[in-house]
Amino acid sequence: MAQHIVADAACAFAEGLNAGGVAAAFKHFPGLGRARANTDLQRVRVNATEAQLRADLEPYRHCAAQDRLTMVASATYPKLGISSPAVLNRRAYDLLPAPRPQQPDERNLNDSTEVSSVACRPPLGNGAWCV
């Protein structure tokens, strides 16, 4: 599906949720549509090209003005320089759209730290720990 179609639908859906007092969560950043397995069950490496992965970021950029949460994936994205689970990799957070002026503290979350791709990893030296 074309990224602009996804982006328009995602923004409209988030706007509707926000209008109803419900926080929207855009997930799974930077995208799991190209994953070939379930990150809840095993370690997943997304082997798309850099161009494909950057195009998949469009909905996140397009909706950057939305008041929303961003759920970061636990897959790896070698072509984006994300060689460890994205949720534990600073490079993934660097790819997030700039914080909105009225919301300088980007709100990010992970759906689970018990999945096999994240569980039992040693401290990463950047303040991230797995429990």
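A salt bridge is a side-chain nitrogen of Lys or Arg within 4 Å of a carboxyl oxygen of Asp or Glu. E50 and R54 form such a pair, with N and O 2.9 Å apart. The model is predicted. It holds four salt bridges, and three of them are described here, including the pair of E50 and R54.

**Inside helix α2**
- E50 and R54 both belong to helix α2.
- E50 is partly exposed, at 38% relative accessible area.
- R54 is also partly exposed, at 30%.

- D56 pairs with R34 in a salt bridge. Their closest N and O atoms are 2.7 Å apart.
- D56 counts as partly exposed, with 22% relative accessibility. The cut-off for buried is under 20%.
- R34 is partly exposed, with a relative accessible area of 31%.

**Inside helix α4**
- The side chains of R90 and D94 form a salt bridge, 3.1 Å from N to O.
- Helix α4 covers residues 90–95 and holds both R90 and D94. They sit four residues apart, about one turn of the helix.
- R90 is exposed, with a relative accessible area of 57%.
- D94 is partly exposed, at 44%.

Technical notes. Residues are numbered from 1 along each chain as its sequence is written. This is a predicted model: local features need pLDDT of at least 70, side-chain atom pairs count only at pLDDT 80 or more; totals for chains, interfaces and linings use all residues. Side-chain values use heavy atoms; hydrogens and water are left out. Buried means under 20% relative accessible area, exposed over 50%, partly exposed in between (1.4 Å probe, protein chains only). Helices (H or I, at least four residues) and strands (E, at least two) are DSSP runs, numbered from the N terminus.
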